[in-house]
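Subject: Structure handover

Hi,

Here is the structure I promised to pass on. Please open it first, then read my notes below.

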Amino acid sequence: MGTQIMASLVGALGIGANVLIYQQKTGKNLLIYKLASDILWATHYLILGGFSAFAVACIGIVRESIFLNQKHKWAQGRFWLWVFVLLSLASAVLTWKTLMNLLPAIASVLSVFGFWRNDPTLSKILAFPISLCMLTYDLYIVSHMGIANEAFTLVSATFSVIVLIKKVH
C-alpha cells in the first residue's frame, strides 16, 4: 500500500476523532478524544515525513495523558504547563528546515494553554488560530487529510462558537 494511501487512511480516522472533540461537554472527554486524535495524527505525519507536526502530536500525546491525570498530585501544578510550552518550542528547533516548521509549534503552544485550563469554551475559541497554523503547514507538506481536517475543524469550531453565543444571549 502506498504511503499517501496509508497516510490518508490514518488521517481519515484522525478526522473522525476530531469531529468528536468539539462536541464534548466536559474537559475530560475533550482530552480523551484529543489524545486519540494526537495518536492518529502523529502516525499520519510520520508516514508523510511531516516531522514538525509529528513531534508536536507526540508532545500532545504525553500532554493529554498528564492532563487527564490532574486528580493526582504529580500531575498538578504549573510545572507541566511550562514543560509542554518548552517542549513545543524545542520541537521547532529540533525539526527546523524552514519558517513553516514554526507553525506546528505555535499551534502546540496554543493547545497547551487551551487544554491546561480544562475549559471546552476556550479550546473551541483557540481552535481558530491552531487550525490556521496547521492548515498552512498541511498545505506546505501536501497533507490532503490534514487540509480536510483543518477545514472541517474551522467549520465545526465556528458552529460551536455560534451555539455558545446563542446560549449567552
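Where is Asn 18 found? The answer is helix H1, which covers residues 3–21. Keep in mind throughout that this is a predicted model.

**Asn 18 and Ser 37**

Start with Asn 18. Its relative accessible area is 8%, so Asn 18 is buried. Its side chain makes a polar contact with the side chain of Asn 149, at 2.7 Å. Leaving aside residues up to four places away in sequence, Asn 18 touches Ser 37, Trp 41, Asn 149 and Thr 153.

Ser 37 sits in helix H2. Its relative accessibility is 1%, so Ser 37 counts as buried. With residues up to four places away in sequence again left out, Ser 37 touches Gly 14, Ala 17, Asn 18 and Ile 21.

**Aromatic rings**

Next, the rings. A pair of aromatic rings is described by two values: the distance of the centres and the angle of the planes. The model has seven aromatic pairs. Trp 41 and Tyr 45 form a tilted one, with 5.9 Å centre to centre and 35° between the planes. Why is the label tilted?

Trp 41 and Tyr 45 belong to helix H2 (residues 27–48). They are four residues apart there, so about one helical turn separates them. Trp 41 and Tyr 45 are both buried.

Phe 67 and Phe 84 give an edge-to-face pair, because their planes stand at 90°. Their ring centres are 5.7 Å apart. This pair links distant parts of the chain, 17 residues apart. Phe 67 is in helix H3 (residues 51–67), and Phe 84 is in helix H4 (residues 78–94). Both Phe 67 and Phe 84 are buried.

There is also an aromatic cluster. Its members are Trp 41, Tyr 45, Tyr 137 and Tyr 140.

**A backbone angle to check**

Most residues other than glycine have a negative phi. Val 142 has a positive phi of about 60°, although it is not a glycine. Where does Val 142 lie? It is in the loop between helix H6 (120–141) and helix H7 (144–168). With 44% relative accessibility, Val 142 counts as partly exposed.

**The loop between H4 and H5**

Two residues in this loop made my list. One is Trp 96, in the loop between H4 and helix H5 (102–116). Its relative accessibility is 45%, so Trp 96 counts as partly exposed. Which residues make the nonpolar surface patch? They are Trp 96, Leu 99, Leu 102 and Ile 106, and the patch has an area of about 400 Å².

The other is Lys 97, also placed in the loop between H4 and H5. Is Lys 97 buried or exposed? It is exposed, because its relative accessible area is 66%. Lys 97 and Ser 52 are 45 residues apart in sequence. In space, their C-alpha atoms are 9.4 Å apart.

That is the list.

Best wishes

Notes. Residues numbered from 1 in each chain as written. Predicted model: local features only at pLDDT ≥ 70, side-chain atom pairs only at ≥ 80, totals over all residues. Heavy atoms only, no water. Phe/Tyr/Trp six-rings, centres within 6.5 Å; stacked < 30°, edge-to-face > 60°. Buried < 20%, exposed > 50% of the residue type's maximum accessible area, 1.4 Å probe, protein only. Patch = residues over 30% accessible without salt bridge, like charges linked within 9 Å, V, L, I, M, F, W, Y side chains within 5 Å. Areas by Shrake-Rupley, 256 points an atom, 1.4 Å probe, with all protein chains shown as cover. Salt bridge = Lys/Arg side-chain N within 4 Å of Asp/Glu carboxyl O. Contact = heavy atoms within 4.5 Å. Polar contact = N/O pair within 3.5 Å; in protein donor to acceptor, adjacent residues only side chain to side chain.
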